[in-house]
Amino acid sequence: MRRAFGALLFFGSFVIYGLVFYVATIAELSIAEKAGQVGILYGFSWGTFALGSLLLGPEFLESLKKIIKLVHKKGTKDYK
């Protein structure tokens with residue numbers, strides 16, 4: 001249950017960026033209101049990302065690091 005909730009928070013943190021785009025397109029809000037709401041959404045996104053990472057545990061983060069390194073190695077071979 002802990003890992004499922006962690007995965008929901010971890011991957012759900014990226015969905016929040018859709019809300020950021022939505023807030024940026026609302027014409028009725030002033031720039032200051034948009035900036036404030038977008039700042040709150042960014043903070044909430046990073047908070048859910050961090051909490052989700054903690055709930056998923058270190059083994060998930062290690063597997064994610066391996067995937068990132070593998071993709072990075074494949075990408076650097078194309079430039080040589």
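Thr-48 sits in helix H2, where helices are DSSP runs of H or I with at least four residues, numbered from the N terminus. The model is a predicted one, in which local features need pLDDT of at least 70, side-chain atom pairs count only at pLDDT 80 or more, and totals for chains, interfaces and linings use all residues. Residues are numbered from 1 along each chain as its sequence is written, and side-chain values use heavy atoms, with hydrogens and water left out.

Thr-48 counts as buried because its relative accessibility is 11% (buried means under 20% relative accessible area, exposed over 50%, partly exposed in between; 1.4 Å probe, protein chains only). Residues up to four places away in sequence aside, Thr-48 touches Leu-9, Phe-10, Ser-13 and Ile-16, contact meaning heavy atoms within 4.5 Å. A polar atom of the Thr-48 side chain also lies 2.9 Å from the backbone oxygen of Ser-45.

Helix H2 also holds Leu-41, which is buried, with a relative accessible area of 17%. Beyond its neighbours within four places in sequence, Leu-41 is in contact with Ile-16, Leu-19, Val-20 and Val-23. Between Leu-41 and Ser-13, 28 residues apart in sequence, the C-alpha to C-alpha distance is 9.7 Å.

Val-20, for its part, is in contact with Val-38, Leu-41 and Tyr-42, leaving aside neighbours within four places in sequence.

Note on methods
Helices (H or I, at least four residues) and strands (E, at least two) are DSSP runs, numbered from the N terminus. A polar contact is a pair of N or O atoms within 3.5 Å; within protein, one must be able to donate a hydrogen and the other to accept it, and residues adjacent in sequence count only if both atoms are side-chain atoms.
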